[in-house]
Amino acid sequence: MNRIYLDNAATTQLDEVVLEQMLPWLRERYGNASSVYQTGREARKAVEEARRQVARALNCTASEVFFTGSGTESDNWAIKGAAWAHQDKGRHIVSTAIEHHAVLHTLQALEKQGFSVTYVPVNEFGRISPEDIRAAVRDDTILVSVMAANNEIGTLQPIAQIGQIAKAQGVLFHTDAVQAVGAVPVDVENWQVDLLSLSAHKFHGPKGAGALYVRKGVRLEPLLHGGAQERNRRAGTENLPGIVGLGKAIELACEDIEGKAQAVTELRDMLIAGILADIPQVRLNGDPVHRLPNNVNISVRFVEGEALLLRLDLAGIAASSGSACTSGSLDPSHVLLAIGLPHEIAHGSLRLSLSKKTTREEVEEVLRVLGEVVRKLREMSPLYDEGEADVF
């Protein structure tokens, strides 16, 4: 059976070119980038080239790029580091109700330390109003953190407008751009962000490699203490092959990024149109216009999301019911609840996320299989009535 992979929001396949770039640094060129001998100097050179590759992708200087172990670490460092460094000014943070748990749980940890957080609500499409952010900022606000693109429903946020508001208010602005980098153009100057998180495995790079953009002059307390790596700001021996892979992956992802996004968007729209035309009582979640090119999130009435996933898996299709980081939870998605879905409908959600490797033939096969799976599951549901309205 040829399997179809549509869970690229969770992780992507490592690009062959990226793997080839990494292999020498896993084997013969394995030196420690902090060492002064030749092997170490070669490693340092490779790390700095990757730093420049990230800087070119984000439109910043290489000195503003710091390597981490993941997007989660980058989020934690940005938020905790900023909060600790600026608590003399205030202890209030503004964020949103639909952030990734790497942000939400970090904010909850800070609340236990005496910080206060305002969680701004979203509209029915999961989109933030910049004016709501402006209204939430107080005299003691030290940080605004708003994700660039939602990992579950794919909604893109008006980051540049929010950045203007934060700058005008004199407040630091962080964005979790883990889903956005490599999918849509990212420009830290245009967005006016002070801190930006990214992760390599979301754009066909290796797992275990992330980065944090820190605008020059921004004070940030370290999250990890130890050695003097990353210019004394992030301790720990550099993940040399991971960093090299991240650099190459972001370079490849950003080559003709708009053209690649358009190609994936066409397949995404084909998938959405086919689902809505073929399967009754299905809702598209997320903003229909301001949306990641690769994201399809639907709610199917009278069907459990877990049952959908298992049936699709048996048919050779890998998908998700939401964030991979909460796949073990029985609670409905906090994102779907935040956009106003009731529990029973939120439980019937399905996320299909494409990549540059997804083909038209795969989308056609998913449409064929998904319709059959939904019909069979609904036949077993005592609640399903074919005569009910198609819209909900």
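This passage describes the overall fold of a predicted protein model and then one of its strands.

Residues are numbered from 1 along each chain as its sequence is written, and side-chain values use heavy atoms, with hydrogens and water left out. Because the model is predicted, local features need pLDDT of at least 70 and side-chain atom pairs count only at pLDDT 80 or more, while totals for chains, interfaces and linings use all residues.

The protein has 14 helices and twelve strands (DSSP runs numbered from the N terminus: helices are H or I with at least four residues, strands are E with at least two). Its radius of gyration is 22 Å, close to the 21 Å that the globule rule gives for 392 residues, so the protein is as compact as a globular protein of that length (the radius is taken over C-alpha atoms, and the rule is 2.2 Å times the number of residues to the power 0.38). The C-alpha trace spans about 70 × 55 × 35 Å along its principal axes. Of the 392 residues, 56% count as buried, meaning under 20% relative accessible area with a 1.4 Å probe, protein chains only.

Opposite L352 in β12 stands V296.

How values were computed: Pairing = 2+ DSSP bridges. Buried < 20%, exposed > 50% of the residue type's maximum accessible area, 1.4 Å probe, protein only.
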